[in-house]
Amino acid sequence: MLGRLDLGIDLGTANTLVYVKGKGIIVNEPSVIAINADNNEIVKVGIEAKRMIGKTPSFIQAIRPLKDGVIADYEVALAMLMYFISRAQESFSFFRPRVVIGVPVGVTEVESRALLRAGKEAGAKKVFLIEEPMATALGAGLSVEEPQGNMVVDIGGGTTEAAVISLGSIVTWTSIRVAGDEFDDAIIQYVREIYRVTIGVRTAERVKIEIGNVYSLKEFDELQTDVVGIELSTGLPKKLTLTGGEIREAIKPTAMQIVETVKTTLEKTPPELVADITEGGIVVAGGGSLLRGISELLSKETGIDVYSAEEPMTCVAKGAGMVLDKMDILARLKNIE
Ligand SMILES: Nc1ncnc2c1ncn2[C@@H]1O[C@H](COP(=O)(O)OP(=O)(O)OP(=O)(O)O)[C@@H](O)[C@H]1O
Ligand SMILES: [Mg+2]
């Protein structure tokens, strides 16, 4: 396809995705960039940079330029955005793209301007910002423009956002800086407290993905995996076997904070919309929604059915790309030309 190029970008704390209309997701990589501190040169971006976390010699830094869904390190975020946009452009077009970037609902003016500017500097012709729950809902195929309440809960790496949408706008929302990364931290703390062993963050994430769960089920109790950490008393490597039951104990309090966020949002929502949600259910998305038992827990605690978005990790980018065809929603988005 030559000619106009439209991109939807999910610049997440954990992962960056780029969606191209008609092509689908063309970039899906960790939001990590490795930089040589001696000369400020980019060493690696994405998956290869993530592999370096915790394993770099001192002159190389593996940086996650986004924190809690917004830019924490402007220069580095810009470099990463440029890299991903240029990759999308290389494959499809000589023209500068229109770009829609997903942002957390509570984003400040300063943060918005930084992102718009970064998008322009990265080579976009026009940049729009879309609130992530709206993008999630669009990407998940919900009918957001109807006078009808839809609830989406996006559990990402850095933030969880619960939002109710009706008539193409967000009616109520709550955001907390508790999501996937917080589960990893809880696992690290648990292993340190109970076994007096320190494990790395990448190991903790692996444990979460392999055996993490937040709902009491016998099959979850029986899961197990091995880790190697450093024993605090000796400073020597120590191998441990962790079970699903104990990891649930370690991360359940974190999951309950997410449950509370959803409840708070429902409490703020007008009754007619709550009635719609009770009827239609809650849609969960984001990488954190893949955690075993999280839908069951949410459903038990709210009394409302919970459904997983079809592609929970790609719907923000997809929804951001899709909004370019929705003129009335597009007209309301913050943008820069
Ligand atoms: N199978 C899985 N089980 C549990 N957690 C998972 C699984 N797969 C990925 N995750 C977690 O999902 C998180 C990343 O999700 P996602 O890509 O939606 O975040 P993000 O959009 O980059 O972050 P944010 O929206 O907070 O800016 C990470 O914490 C990762 O460990
Ligand atoms: Mg996200």
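This short talk walks through one protein chain and the ligand it holds, using a predicted model.

Let's start with the whole chain. How many helices and strands does the protein chain have? The count is 12 helices and 19 strands. The C-alpha atoms fill a box of roughly 60 × 55 × 35 Å along the principal axes. Now the radius of gyration. For 337 residues, a compact globule would come out near 20 Å. The protein chain has 21 Å, which agrees with that. Of its 337 residues, 48% count as buried.

Next, contacts along the sequence. Take contacts between residues at least 6 apart in sequence. Of these, 66% join residues at least 24 apart. Here is a pair for you to find on the model. Glutamate 337 and arginine 4 are 333 residues apart in sequence. In space, their C-alpha atoms are 15 Å apart. Glutamate 337 sits in the segment after strand 19, which covers 334-336. Is glutamate 337 buried or exposed? Glutamate 337 counts as exposed, because it has 9 C-beta neighbours inside 10 Å.

Now for helix pairs. Two packed helices are described by the angle between their axes and by the distance between the axes. We have two pairs to go through.

Pair one is helix 4 and helix 11. Helix 4 covers residues 132-139, and helix 11 covers residues 315-322. Their axes lie 7 Å apart, at an angle of about 90°. Helix 4 and helix 11 are therefore roughly perpendicular to each other. Who makes the contact? From helix 4 we have Glu132, Ala135, Thr136, Ala137, Leu138 and Gly139. From helix 11 we have Cys315, Val316, Lys318, Gly319, Ala320 and Met322. Sorted by class, that contact has 7 nonpolar, 3 polar and 2 charged residues.

How many residues of helix 4 are buried? It is 8 of the 8, so helix 4 is largely enclosed by the rest of the structure. Among the buried ones are Pro133 and Met134. Helix 11 also has 8 of its 8 residues buried, so helix 11 is largely enclosed too. Its buried residues include Ala317 and Gly321, and also a lysine, Lys318. Just after helix 4, look at glycine 141. Glycine 141 takes a positive phi of about 85°.

Pair two is helix 5 and helix 6. Helix 5 runs over residues 180-195, and helix 6 over 201-211. The angle is about 105°, and the axes are 8 Å apart. That makes helix 5 roughly perpendicular to helix 6. Helix 5 brings Phe183, Asp184, Ile187 and Ile188 to the contact. Helix 6 brings Val201, Ala204, Glu205, Val207 and Lys208. By class, this contact has 6 nonpolar, no polar and 3 charged residues. Look at the spacing of the numbers in helix 5. An α-helix has 3.6 residues a turn, so residues three or four places apart point the same way.

On to the ligand. Ligand 1 has 23 residues around it. Which of them come nearest? They are Gly12, Ala14, Gly156, Gly180 and Gly287. By class, the shell divides into 6 nonpolar, 13 polar and 4 charged residues. Helix 6 gives the most, with 3 residues.

Most residues other than glycine have a negative phi. Asparagine 40 is not a glycine, yet its phi is positive, about 65°. Asparagine 40 is in the loop between strand 4 (33-36) and strand 5 (41-45). Asparagine 40 is exposed, with 10 other C-beta atoms within 10 Å. Arginine 196 is the other case, with a positive phi of about 55° although it is not a glycine. Arginine 196 lies in the loop between helix 5 and strand 14 (197-198). Arginine 196 is partly exposed, with 14 other C-beta atoms within 10 Å.

One last residue. Where is glutamate 219? Glutamate 219 is in helix 7, residues 218-221. Glutamate 219 is exposed, with 9 other C-beta atoms within 10 Å.

Key. Residues numbered from 1 in each chain as written. Chains lettered and ligands numbered in written order. Predicted model: local features only at pLDDT ≥ 70, side-chain atom pairs only at ≥ 80, totals over all residues. Axes fitted to C-alpha atoms, helices over the stretch in contact; angles between N-to-C directions. Helix = DSSP H or I, 4+ residues; strand = E, 2+ residues; numbered from the N terminus. Parallel < 35°, antiparallel > 145°, perpendicular 65-115°, else oblique. Contact = placed C-beta atoms within 7 Å. Nonpolar A, V, L, I, M, F, W, Y, C, P; charged D, E, K, R; others polar. Near = placed C-beta within 6 Å. Rg over C-alpha atoms; globule rule 2.2 N^0.38 Å. Buried ≥ 20, exposed ≤ 12 C-beta atoms within 10 Å, placed from the backbone.
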